[in-house]
Amino acid sequence: MFPSIEPGDTGFTGLIWLFATYGYVLFRASDLISEGSELLLLIPSWAGLVGGVVLPLLGAVPDGAIMLFSGIGDISTAQESLSVGVGALAGSTIMLLTIPWALSILAGRVSLQDDPNDPSGNSKIANYRGKAKGIQGKKLNETGVSVTKEIRHGSFIMILTTAPYFLIQIPASIIKSRGSDNLGSDEKVWAFLSLLVSVTGFVMYLQIHIKASRQDEQKYRRMEVMKELLQAGKVSLGGAFHN
């Protein structure tokens, strides 16, 4: 049995103290993770690997700890505790995916203009030229941002990450609608399949970013070689930009 603190035994001041302590621990932990990651990003050859693999793993540690400690304790209350932990994790994730993204688009939006490559005139592109981004007096549907290839790729990966959720949620809803008395036993096969899909997807995600980091490393090496050639006078500035 793991030690636990009952909220009813601490009182109001005790809850305030626990809240402040827990908040400080998370704040200090995130601060240490941020400082360490910034130091690792100073190494150009590791920047892609750190940004794509190390930081997501370190960022998942607090969330994983919340889920872990939510399930520790009395088995009779484990389901309720896990529900609270999952709710907190899902809420924080949804907030990070919606509010900051929406605010960044709102702050970075520019005026839209017709795409010169589209003769029909139905396509629009973001106009990043001009004074003050040219959004004064324009409606929201007349402004926007440009979406790069990396953002499209990341969005596709995020959509794929919902597959394990639906793999367990749809069968669970069907089993529950049938009035099964033993939901745990009926859902364990689907839960195991969801676990396999999640682990497989995580490994593939790491492989994608490791491959991208190697490409960044090769690009950095080419830049270093070109810099040496420029300093030695073996290549002109125009030739360097052309390559």
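Predicted model: local features only at pLDDT ≥ 70, side-chain atom pairs only at ≥ 80, totals over all residues.
Which helix does Leu57 lie in?

1. Residues are numbered from 1 along each chain as its sequence is written, and side-chain values use heavy atoms, with hydrogens and water left out.

2. Leu57 lies in helix 2 (residues 44-70); helices (H or I, at least four residues) and strands (E, at least two) are DSSP runs, numbered from the N terminus. Leu57 is partly exposed, at a relative accessible area of 39%, where partly exposed falls between buried (under 20%) and exposed (over 50%), using a 1.4 Å probe and protein chains only.

3. Now look at helix 6 (residues 183-232), which gives the most to the nonpolar patch, with nine residues. Leu57 is also part of this surface patch of about 870 Å², whose members include Trp190, Phe192 and Phe202. Patch residues have over 30% relative accessible area and no salt bridge, and nonpolar side chains (Val, Leu, Ile, Met, Phe, Trp, Tyr) are joined within 5 Å, like charges within 9 Å. A salt bridge puts a side-chain nitrogen of Lys or Arg within 4 Å of a carboxyl oxygen of Asp or Glu. Areas come from the Shrake-Rupley method with a 1.4 Å probe, and for residues only the protein chains shown count as cover.

4. Strand 1 (residues 110-114) pairs with strand 3 (residues 143-144) in the antiparallel sense over two bridges; pairing takes at least two DSSP bridges. Val110 has Gly144 of strand 3 as its bridge partner.
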